[in-house]
Amino acid sequence: MLLVAVDTDIPLQALRIKRNGTLFDAESIKDIGKGRTTRLYVVPAGRYRWDTVRKPLRSFELGENEEYSFEVKQGILNYPGDLIYRDIDEFNAMVHVANRGLLAMDWMDQTYPELSERHVLTYMGHYPDPFPAFYRQHGGGTDADGERAAAPAEATTTPLPETVENLWKPTAVDLISINPGGDLVAVVDREKRGAKWHWTIRMIDLRSEMSVLALESPVEISRIDWSGNRALIVSCGEQHQIDAVFVLHVRGEAAQRTYERVKVPVKGLLVDPLPNDPDHILFASLYIGPLGADVQVHRLDVSTQYFLNRFEYGRTSALDRGLKDDRQWFTDAAGNLRAAIVVREESRVLVHGRDGQFRDVMTLDDGETFSPFGLSTDGNLIYGWSEKDREQRDLVEVDPATGRIGRTLFSRRGVDVQGALFDGQRNLIGATYYEDGQLVSEYFDAASKALDERLQRAFPGRTVRILDRDAASRQFLLLVGSSDQPSEIYHLDADAKRAALLLQTRPWLNGRSFAPSRIVRATSKDGFPIEAYLTLPKAQEPVPLVVLAHGGPIGVRDSRYFDPEVQFLAALGYAVLQVNFRGSEGYGSKFRAAGKRSYGTLIEDDIDAALAAALAAHALDRERMCAMGSSYGGYSALVSAIRWPERFRCVVSMAGVSDRTLFFTASDSGRSKEGRKELEEAIGDPHTETESMQAYSPLYRYRDLTVPVLLAHGTEDFRVDYEHTRRLARMLGSAGRPPVLVTLEGEAHGVEDQANQKKLWEAVAAFLRANLGVAPVAGSH
């Protein structure tokens with residue numbers, strides 16, 4: 001028997017399946033309605049594959065992709081997972097498979113109860129799913145008296161000291177850039193108009209201080225680049241999926257200034273704005289010819305729409321001729337295409353050369369060896385990151401002639417480089433890294449170092465970072481902020497030695513008082529130094545505490561900047577502890593690698609060490625603590641409450657993993673061979689480590705989860721499928737301890753919709769107040 005389930009956001013005409021490479025005759029898989037459709041078939045054993053999804057006027061061939069293949073065996077109830085279809089536009093769709101076994105079992109119980117009683121559903125994906133047998137063994141969702149599991153509790157709400165809309169409202173400034181001449185600043189703003197977002201570009205004249213609306217767009221403006229002083233290149237659409245590239249020409253001066261927009265008539269990506277040649281750009285176009293699709297890099301004349309419309313794209317005039325399947329490009333300071341990354345047989349290869357002649361430098365499959373980000377001004381050296389045989393990620397250069405790493409340009413023991421700094425002439429002048437939870441800049445030249453020191457002294461207690469500069473490095477845009485103050489943007493005139501406030505990123509919070517964070521240091525059981533941040537509200541001591549774990553967990557970190565989530569909790573009267581446990585970004589290669597195979601164990605031991613240090617040093621109420629987090633942080637909160645049942649009064653898990661094995665079959669990470677390999681390296685292999693997986697999965701330890709639980713999850717979460725929450729809620733209900741459930745319709749792994757944000761955080765506030773107490777902090781905002 002084969003159980004077929006399709007989840008679609010539009011009606012579909014048909015779903016075609018092949019058996020052993022031949023079309024499977026199942027004419028009834030037609031007229032699939034919007035939502036979830038489930039059907040049961042008696043079919044021969046064999047190898048099957050989802051083949052074609054047909055919607056009105058168009059079909060999507062899934063091809064010979066093994067991700068859509070599954071085995072059907074005799075004598076069992078075969079379930080290959082739900083086929084998920086999400087329509088994007090006329091030509092594109094997102095199709096994947098997710099294990100939603102509990103929904104499948106519920107359907108069988110309701111539709112074929114006798115068959116369901118005789119056959120345990122068997123998941124037929126890449127990994128085993130022990131939950132159906134576990135579910136049957138533990139009563140199939142019924143309590144000890146055989147009654148149906150208690151339904152999750154509905155979330156309640158509570159008055160708040162600060163509105164969710166104000167704290168989570170996106171920043172007023174999306175992008176900002178100063179022109180090479182240092183007199184014009186382009187600012188991208190975003191605002192809600194009705195139910196949709198709208199983007200605008202404002203031009204600020206630094207001499208007259210006039211601000212003028214220059215461009216409006218219903219599509220996200222994702223990148224802006226100056227080409228000379230009077231041409232702004234505007235990329236619209238999601239990054240790497242650009243819908244359109246515009247050139248905004250600035251005509252005239254001051255009050256008589258006008259703005260002329262021209263559009264590149266084909267889709268593609270900006271490669272180089274050519275700041276020294278404002279009439280041209282380097283552009284990577286998607287060319288579709290008789291032999292298929294191809295990417296070509298061309299030098300376009302963008303001075304007028306006439307020249308753009310007349311341009312003829314072709315391989316003979318392409319700057320990347322000689323390359324095939326190139327995906328990323330690097331230019332020297334003069335705008336010459338000198339290097340690229342090409343894809344060959346699933347490998348990424350770095351090549352170097354010019355004028356259509358390129359040679360291989362190295363294969364980049366191992367990110368630890370080298371990851372390129374740019375070239376020297378003459379294009380003869382390649383800059384990038386490396387942690388090969390190093391204690392941390394360093395800034396290095398590669399000689400393309402030999403393919404070997406040469407000089408180390410910046411290194412600090414146990415500290416990962418985060419970014420590189422360039423001046424207006426594209427000279428490499430420094431690097432960035434985290435120190436005490438804040439991103440700091442390390443400059444290589446004496447003048448830049450002196451300027452940075454002056455800036456830090458000018459804004460005591462706040463972090464200062466240079467966002468952008470003019471070509472002469474005399475006019476600067478500064479980002480200034482702290483944990484208890486939203487960031488502000490200043491204009492620095494180095495000649496006049498004056499810095500003036502230009503923009504506030506959250507002007508609606510101006511004048512409010514927020515809680516600062518402080519550093520907590522601890523040592524793990526095996527000797528790792530652990531850094532954590534504690535935010536204390538202005539409240540009567542001792543203060544109840546929320547232990548807030550971040551997601552990831554590998555390569556993600558907490559920092560000491562303004563955080564709406566932290567400030568919301570502090571406004572409710574709770575202290576907040578954020579821990580950069582092993583695996584977190586910024587602390588070196590060994591620390592990051594130590595996060596692997598530490599899920600639910602050593603990572604939580606690190607949080608335990610930081611918590612002990614915080615309790616010893618500050619007036620916190622150890623009798624009133626709650627574990628909380630999103631994604632991995634939600635998993636961590638659940639595991640911590642199981643490991644230390646007397647410590648926490650409650651748990652809040654948002655988009656959290658409840659079943660480590662399920663994460664392999666119901667997440668985007670497990671939908672490719674490479675992704676599954678990385679998961680096995682980080683978490684373990686479900687084929688051989690089933691017992692360990694279950695021991696550290698909250699789902700299989702549901703009886704040990706005895707404190708009140710709030711589960712919040714988006715229904716469109718493809719990183720951690722809603723099935724994680726569905727299963728845990730069912731098992732907790734069968735134990736007589738139903739969780740508070742906050743279902744966020746239409747949300748993915750984050751929460752974007754303002755109504756859903758309000759729904760979530762009002763529910764969290766009410767849940768914490770019910771379990772930890774505390775009234776709003778008077779006068780805190």
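Two strands count as paired if DSSP finds at least two bridges between them. Strands are DSSP runs of E with at least two residues, numbered from the N terminus. The views show a predicted model, in which local features need pLDDT of at least 70, side-chain atom pairs count only at pLDDT 80 or more, and totals for chains, interfaces and linings use all residues. Residues are numbered from 1 along each chain as its sequence is written, and side-chain values use heavy atoms, with hydrogens and water left out.

**View 1. Four strands form an open antiparallel sheet in the order β29-β30-β31-β32.** β29 (371-375) and β32 (404-410) are the edge strands; each has a single partner strand, so one side of each is left without a neighbour in the sheet. From one strand to the next the twist averages 35 degrees (axes are lines fitted to C-alpha atoms, and angles run from 0 to 180 degrees between N-to-C directions). Four bridges link β29 to β30 (residues 382-386) in the antiparallel sense. Ser371 has Trp385 of β30 as its bridge partner.

**View 2. Strand β37 (residues 475-482) is mostly covered, with eight of its eight residues buried.** Buried means under 20% relative accessible area, exposed over 50%, and partly exposed in between (1.4 Å probe, protein chains only). In a regular strand the side chains alternate between the two faces of the sheet. In β37, Gln475, Leu477, Leu479 and Gly481 point one way, while Phe476, Leu478, Val480 and Ser482 point the other way.

View 3. Val480 of β37 stands opposite Val464, and its bridge partner in β38 is Glu488. The hairpin of β36 and β37 has five residues between the strands, and Ser473 in this hairpin takes a positive phi near 55 degrees. Two residues connect β37 to β38 in another hairpin.

**View 4. Leu545 is among the residues with the most contacts inside the largest nonpolar core, which has 76 residues.** A nonpolar core is a set of buried Ala, Val, Leu, Ile, Met, Phe, Trp, Tyr and Cys residues joined through side-chain atoms within 4.5 Å. Leu3 and Phe131 are listed with Leu545 for the most contacts inside this core. Leaving out residues up to four places away in sequence, Leu545 touches residues including Leu534, Ala575, Leu611, Arg624 and Leu772, where contact means heavy atoms within 4.5 Å. Another core, of 32 residues, lies apart from the largest one and includes Val566, Tyr574, Cys650 and Leu772.
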